[in-house]
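Subject: A structure for you to look at

Hi,

Here is the structure I promised to pass on to you. Please open it next to this email and follow along as you read.

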Amino acid sequence: MKTPAILSLAAALSLAAALAGCATAGGHTPGGLAGTQWTIVSIDGQPAAAPDHARMSFDDARLSASVGCNGLGGDYRLEGGRLIVGPVVSTQMWCEGLMDQERAVSALFAGAPEVTRTADTLKLTSGG
């Protein structure tokens, strides 16, 4: 079963991420992610723990993300409807109340999530 989320991650058998936001104008191909910025609204079906700081953005070859504390990032590509990320690098600060969501986002990236994009919503879904 898949659970929607901006980064929405289903813990047991699937991870899902739904990102809501605004796709900024840019030179990206239709359906592509380059030049877009997103607000993370949920992770594992739970609201983002730091909603004012939970973000994800894509440039031509790299993505950057944060749920409100550490920065995560890495090279990415879209392949067969999946987001391939790696290697993922991250800062290593301890932030009370955010670590579970950071681990979930990192696991999502490692799982080559399926990408679904409609209007102002981006959903990333990956099997556990």
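This is a predicted model: local features need pLDDT of at least 70, side-chain atom pairs count only at pLDDT 80 or more; totals for chains, interfaces and linings use all residues.

Let's start with a pair of strands: β6 and β7 (residues 82–85) run antiparallel and are joined by 4 bridges. Strands count as paired if DSSP finds at least two bridges between them.

Residues are numbered from 1 along each chain as its sequence is written, and side-chain values use heavy atoms, with hydrogens and water left out.

Now the overall picture. The protein chain has 1 helix and 10 strands, in the order β-β-β-β-β-β-β-β-α-β-β along the sequence. Helices (H or I, at least four residues) and strands (E, at least two) are DSSP runs, numbered from the N terminus. Of the 128 residues in the protein chain, 41% are buried. Here buried means under 20% relative accessible area, exposed means over 50%, and partly exposed is in between (1.4 Å probe, protein chains only).

β5 and β6 form a hairpin with 5 residues between them, where G68 in the turn has a positive phi of about 135 degrees. β6 and β8 also run antiparallel, with 2 bridges, and G73 stands opposite V89 in β8.

Which cysteines does the disulfide join? C69 is joined to C95, with 1.4 Å from S to S; the rule is a pair of cysteine sulfur atoms within 2.5 Å.

T36, in strand β2 (residues 36–43), is buried with a relative accessible area of 0%. A polar atom of the T36 side chain lies 2.6 Å from the backbone oxygen of L33. A65 lies in strand β5 and counts as buried at 6% relative accessibility. A65 and H53 are 12 residues apart in sequence, and their C-alpha atoms are 9.8 Å apart in space.

Last, the largest pocket, which holds about 160 Å³ of space. A pocket is an open set of points on a 1 Å grid over the protein atoms alone, where a 1.4 Å probe fits, with protein on both sides within 12 Å along at least five of seven lines; lining residues have an atom within 4 Å of a point. Its lining includes N70, L72, W94 and R103. α1 gives the most to this lining, with 4 residues.

Happy exploring!

How values were computed:
Grid points are joined across faces, edges and corners, and a volume is the space filled by probe spheres set on the points. A polar contact is a pair of N or O atoms within 3.5 Å; within protein, one must be able to donate a hydrogen and the other to accept it, and residues adjacent in sequence count only if both atoms are side-chain atoms.
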